[in-house]
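Welcome! Let's get to know this structure together through a few questions and answers.

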Amino acid sequence: MATHFAPELHIPKGTLNIDFYTRFGATEHFCFRNDDGSIHVAELEINGAVFHLHETMRWFDALEPVNAKGVTAVIGLFVDDVHEVFNRAISAGATEISPVTDHEYGYRQGMFKDPFGHYWQIQKKI
């Protein structure tokens, strides 16, 4: 197997719904829930790019962006059609941070914030 990243995005404890990600185009591999039905951890994939959603765990000071009061990471997702993926995210409920733009350094990029405050940079080398 090739080396790859699988980021873990923290979500607030008590989160019941992560439908944004499937509307955005992710496939859910599994979702483990707590006794109250809230999400403990879920594994998702977008065209081979695996990532995890995990409820915040105070024992290692994990915070999601809202409680951290800022950006905790930017998820860079390389895709073939930046406009299509970016627009799908906005339609699914994301908030545009910067529109899709071709940059002089050779990348087409657009950035959005998902409903949990995570920043995603959708991009392609041009």
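Helices here are DSSP runs (H or I) of at least four residues, numbered from the N terminus. Keep in mind that this is a predicted model.

Q: In which helix do Phe20 and Phe24 both lie, and how many residues apart are they?
A: The helix that holds both residues spans 19-24. Their spacing is about one turn of that helix. So Phe20 and Phe24 share helix H1 and sit four residues apart.

Q: How many aromatic pairs does a search of the whole structure find, and what kind of pair do Phe20 and Phe24 form?
A: The search of the whole structure gives 13 aromatic pairs. For Phe20 and Phe24, the ring centres are 5.7 Å apart and the planes are at 15°. Planes under 30 degrees apart count as stacked, so 15° makes this pair stacked.

Q: Is Phe24 buried or exposed?
A: Buried means a relative accessible area under 20%. Phe24 has a relative accessible area of 0%, so Phe24 is buried.

Q: What kind of pair do the rings of Phe20 and Phe112 form?
A: Their centres are 6.5 Å apart, and their planes stand at 65°. Because planes over 60 degrees apart count as edge-to-face, the pair of Phe20 and Phe112 is edge-to-face.

Q: Which parts of the chain does the pair of Phe20 and Phe112 link?
A: Phe20 belongs to helix H1, while Phe112 belongs to a strand covering residues 107-113. The two residues are 92 residues apart, and both are buried. The distant parts linked are helix H1 and strand S7.

Q: Which strands stand at the edges of the open sheet of four strands?
A: The order in this sheet is S1-S4-S3-S2, with mixed pairing. An edge strand here has a single partner, so one side of it is left without a neighbour in the sheet. That describes strand S1 (8-11) and strand S2 (27-33).

Q: In which sense do strand S3 and strand S4 pair?
A: Strands of a sheet pair through backbone hydrogen bonds, either parallel or antiparallel. Strand S3 (residues 39-46) and strand S4 (residues 49-55) are joined over six bridges. Leu44 stands opposite Phe51 in S4. The sense of the S3 and S4 pairing is antiparallel.

Key: Residues are numbered from 1 along each chain as its sequence is written. This is a predicted model: local features need pLDDT of at least 70, side-chain atom pairs count only at pLDDT 80 or more; totals for chains, interfaces and linings use all residues. Side-chain values use heavy atoms; hydrogens and water are left out. Rings of Phe, Tyr and Trp (its six-membered ring) pair if their centres lie within 6.5 Å; planes under 30 degrees apart count as stacked, over 60 as edge-to-face and the rest as tilted. Buried means under 20% relative accessible area, exposed over 50%, partly exposed in between (1.4 Å probe, protein chains only). Two strands pair if DSSP finds at least two bridges between them.
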